[in-house]
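Walk through this model chain by chain. Keep the sequence and the structure side by side as you read.

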Amino acid sequence: MNLVHFLWQNHDQIMELTLEHLWLVGISTLLAVFVGIPLGVMSAHWPVWNKPVLGTANIIQTIPSLALFGFLLPVPWLGDRADRLAILALTLYALLPVIRNTYTGIRGVDPAVVEAGRGMGLTDGQLLFQVELPLAVSVILSGIRVAVVVSVGLATIAAAIGAGGLGEFIFRGLAMVNNQLILAGAIPAAVLALSADFGLGWLEKRLRPR
Amino acid sequence: MKRHQQHACRRSFMGQRWTAGCVILLSVLLSSCAPSHSNRIVVGSKNFTESLMLGELLAQQIEAHTTAKVERRFYLAGTYICQQAILAGRIDIYPEYTGTALTAILKQKVGGDRAEVYQRVKSEYEARLGLTLSPPFGFNDTFALEIRGTDARRLSLKTLSQAAAFAPQWRAGFGYEFMERPDGYAGLAAAYGLHFAAPPRIMDLGLLATALKDHQIDIAAGNATDGLIPALDLFVLEDDRHYFPPYEAVAVIRQQAMREHPEVAQAMSELRGKISDQEMQQLNFALDGQHRDVKDVAHEFLRSKGLVR
Amino acid sequence: MGTDSTDGPVIEFRDVAYVLPNGQPLLSGLNLRVQRGETLVLLGRSGSGKTTTLKLINRLLTPRSGNVLVNGASTASSDVIRLRRSIGYVIQEVGLFPHFTVERNIALVPRVEGWTAQRIHQRVEELLQMVGLEPQLGSRYPHQLSGGQRQRVGVARALAADPAILLMDEPFGALDAITRDQLQREFLSLQQRLNKTVVFVTHDLREALRLGSRIALMEAGRMVTVLSPTEFLQSTDPLASAYVQAFGDRLDSVTSRGGS
C-alpha cells in the first residue's frame, strides 16, 4: 500500500497522536511565555539579572534533550509521569528564545520614548504595559515562534520516554523497520512545525511596523 | 531596529487584542487536546514478538466481546513507556508479567511463589496506581538461560548451578533490559556465582538465538517461551536456586476503562489459564520462525479455544 | 492642576550637588530660584550640567545632597508620580509613542488621570489648535508627521493636563532653522497667553535671549551667573562675554522679546 493510502487508513491514530503532540508543545510554550517574558523584562530593566538569567537559559539549551529527559527521570513527582517531565523539559528549552527576544525587544524600544513617558509621570507598570511591551511585541513573538518550532521537534524525542505524540510513530516505525510508520510520524510533525512557523510569522508581520 | 520602532506599530492596540485573542483561542484548543477518550479501548504492547502476540490476542478478544472500537498501539519501546502510557490514559490495557511489574515498576524485592506475587502486584496496582490485573493467562515467561542442546547433552547439564562451573569458558549474550534490570544479570550472577571471562555482549533479543546457534555466544538469556527453543534445539537450564521471580503473563488494565466497559472483565476472565508454556512457544514460533501474520495467528488460536467464532 | 498659593519661588535649588553613579561629580553648590510665570533659560555648553539640572526638577535624577523644592515642597518627600504629572516635559527627541495616534499621545496624562473621554477629546482639540495643528492630524501616527509637527505634538502633550510648570530640554534643537524660528515665535505667543513657569535648556544664545526672561549661565556643573537678556549682552562676566563674542553678528535680530 502506498504512503498516502497508509496515512489515510490510519488517520484516526495520526490525529490522536497529533493532538497529543500539540498538547505537549502548547502547554510548554505557554509556560515558557508566562515565565520567560517576566524574566526577560527583568533582565532588560535590571542589568544585574542579565547574566544569571540569560546565562542559565543558555546552559539549559546546551544540554542534549535526551540527556535532560534522563536527568529528570529519577526526580520524584516529575519522573513519575512522562508527560509532566516532557512538558517541563520542553518548557526549559523554550525559555531561552523567549527570554532573549523579550530582552532584545524591550531594550530596542527608543529610550527617548521611555524617558518622555517617565518624565510625564507614567508609573513603571504603565510604562511596561502601555509602551514597552506593545512596542516589543513583534520581537517577542518572533522568539515565541522559534520556541514553538523547536518544541515541535523536541516533542518527537519525548516519545522515547513515553510521553506520546508523533514521535511514537517514528520510534515504532524504527523498531518494526516500517518506513511508512516513520513517515506517518515525521510528516505530520514537519507539517506542524511549518504551519506554526508560517502562522506565527504572519502574526509577527501584522504586528510589526510598516 | 530602532528606526523600525520610530515608525512602529500602527495597529499595536489591535495587536494587543489580537495577541490576547490568540492566547485565549490557544488555551481553549489545548484543553481539548488533553488526552482522554471514552468510547474506544486502546490496546498497547511492548516491542517484542510475544508481547505483540498477546496484544493482538487481547485486542481480538475484546473486539469479540464489546461494542467499543478497539485501537492498537503496539511496539511501544519497553516497560517504562507502556507504564507511562497507561498511567496517562493513552492506552487502556497492555500485556505485562507479574515479575516485571513487581521489580521494575513497583521496585520491590522478589519473593514468594506465583500466587503471592500475583496478589501483591494486583493489590498494589489497585491501591496506588488506579490499575488492575486480569487473571493470569497460564504461562510463566520467566527468564531462560539457554545453551545449545548439543552442549547440554555433551556436558550433562540440567541446572544453572551445574552450568556455573563452565561459565569462565563461555561467552554470554544478553538483551539490554536483562542487563539493566535489578532482577536481571546482576542478581543472577550473584545468586549463582557466575563469572564470565569477558563482559556479556549486549544484543537485540531477536538475534540472541541465532547467535547462540552459530557459536557466537555460548549462553544467552532468553525467555522460557521463545519460539526458537524447540526450533533450534536449544536447552533451557533449570533455575534450581529459584532466583527469578515468577513472570506470569497478565493484562494490566486501567480501572477507569473497566468501569466504562465492564464487558472487558468478562473477556479477560475467559482467557484465564488458556495459554500454556508450550502453546506460547508455538505462537511465538509462528511469528518469528514462520513469519505468519499476527492477526491470522491470533484469530486461529482464539477460535481453537472456542473464544471467538 | 497645580494652582500655586505660595508667593515664593515655584522652583528652588538649595545647595544641590549631583554625582553620577560612577562617582563623577556633575553639579555642585547649585542655588537657583525660579519665579512664577518666568521663562528661565539654562544656558551652557555640552557637559555644563544644564540637562542634569532640569531633570532634578521632575526627579528623573536624584540629588546627592542639597534640596530641590517645587512649590515649596521638597521633591524628595513628594510622590514622584504626582510631581511629574504636574510638570510638563518636552525633550529634543520628542519621544512620541509611535504606536499611539497623535490624539492618544496628547491625551497621555489626562488618560492616566482618569478624565472622561468627552473632556479628553475637547482638550485635545483645544491643544491642537493652540499649537497650530489641523484637527484631522489627531488620527495620524507620529511617523506620518514632519519634525516640526512632531514637536508641536510634544508641546501639546506636555500642556495637556494644564501643568503650571513646563520643562523643556533643547526642544527645537533637532529642527531646521526656519521651523525652529517659527516654533520659537509660537512659544512666545503661547507663553504670553498661558503664563506658565518655564525652565528651558539650550546652548544657543540667540534662543536664550529671545525666549528667556532670565538666563542662567552654567559651566562645569556650577551656576556662573543669572541675568536678564539685556544685562547678559552688557555683562562683563568673562564667560558671558565669551558667549556674546562667539555668537557675534548673529545676535542682531535678537534684541527684544515678544517677537512678531
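This is a predicted model: local features need pLDDT of at least 70, side-chain atom pairs count only at pLDDT 80 or more; totals for chains, interfaces and linings use all residues.

Residues are numbered from 1 along each chain as its sequence is written, and chains are lettered from A and ligands numbered from 1 in the order in which they are written.

Start with chain A. Its secondary structure comes to nine helices and zero strands. Helices (H or I, at least four residues) and strands (E, at least two) are DSSP runs, numbered from the N terminus. Along the sequence the pattern reads α-α-α-α-α-α-α-α-α. The C-alpha trace of chain A spans about 70 × 40 × 20 Å along its principal axes. Of the 210 residues in chain A, 51% are buried. A residue is buried if 20 or more other C-beta atoms lie within 10 Å of its own, exposed if 12 or fewer, and partly exposed in between; the C-beta atoms are placed from the backbone. Now take the contacts in chain A between residues at least 6 apart in sequence: 72% of them join residues at least 24 apart. Two residues are in contact if their C-beta atoms, placed from the backbone, lie within 7 Å.

Next comes the interface. Chain A places 14 residues in contact with 14 residues of chain C. On the side of chain A that touches chain C, α6 (111-120) and α7 each supply at least two residues. The largest share, seven residues, comes from α6(A). By class, this side of chain A has eight nonpolar, four polar and two charged residues. Here Ala, Val, Leu, Ile, Met, Phe, Trp, Tyr, Cys and Pro count as nonpolar, Asp, Glu, Lys and Arg as charged, and the others, Gly among them, as polar.

Where are the nonpolar cores? A nonpolar core is a set of buried Ala, Val, Leu, Ile, Met, Phe, Trp, Tyr and Cys residues joined through C-beta atoms within 7 Å. The largest has 136 residues. Those with the most contacts inside it are Leu24(A), Ala86(A), Leu90(A), Ala158(A), Val199(C) and Ala216(C). Helix α7 (residues 124-158) of chain A gives the most to this core, with 17 residues. Look at Ala86(A). Leaving aside its neighbours within four places in sequence, Ala86(A) is in contact with Leu24(A), Ala155(A), Ala158(A), Ile161(A) and Ala163(A). A second, separate core has 77 residues, including Ile62(B), Ala163(B), Ala224(B) and Leu237(B).

Stay with chain B for one helix. In α10 (residues 185-192), Tyr185(B), Leu188(B) and Tyr192(B) are buried. They line one face of α10(B), because they fall within an arc of 65 degrees when seen down its axis. The arc is that of the directions from the helix axis to the C-beta atoms. These buried residues pack against α8 (160-164), β6 (172-174) and α9 (176-180) of chain B. After α10(B) comes Gly193(B), with a positive phi near 60 degrees.

Helix α5 (residues 117-130) of chain C has 14 residues. From first C-alpha to last it reaches 20 Å, close to the 20 Å expected at 1.5 Å a residue. The expected span is 1.5 Å times one less than the number of residues. Which residues of α5(C) are buried? They are Val124(C), Leu127(C) and Leu128(C). They sit on the same side of α5(C), because they cover an arc of only 100 degrees around the axis. On the other side of α5(C), Gln118(C), Arg119(C), Gln122(C), Glu126(C) and Gln129(C) are exposed. The cover over the buried residues includes α3 (102-106) and α6 (147-159) of chain C. Gly132(C) follows α5(C), and its phi is positive, near 80 degrees.

Move on to the loop between α5 and α6 of chain C, where Arg140(C) is found. Arg140(C) counts as partly exposed because it has 16 C-beta neighbours inside 10 Å. Leaving aside neighbours within four places in sequence, Arg140(C) is in contact with Thr101(C), Val102(C) and Leu145(C).

Finish with strands of chain C. Strands β1 (residues 11-19) and β4 (residues 65-70) run antiparallel, joined by five bridges. Two strands pair if DSSP finds at least two bridges between them. Ala17(C) stands opposite Ser65(C) in β4(C). Two bridges join β4(C) to β5 (residues 73-74) of chain C, also antiparallel. Val70(C) stands opposite Ala73(C) in β5(C). β4(C) and β5(C) form a hairpin with two residues between them, and Asn71(C) in the turn has a positive phi of about 55 degrees.
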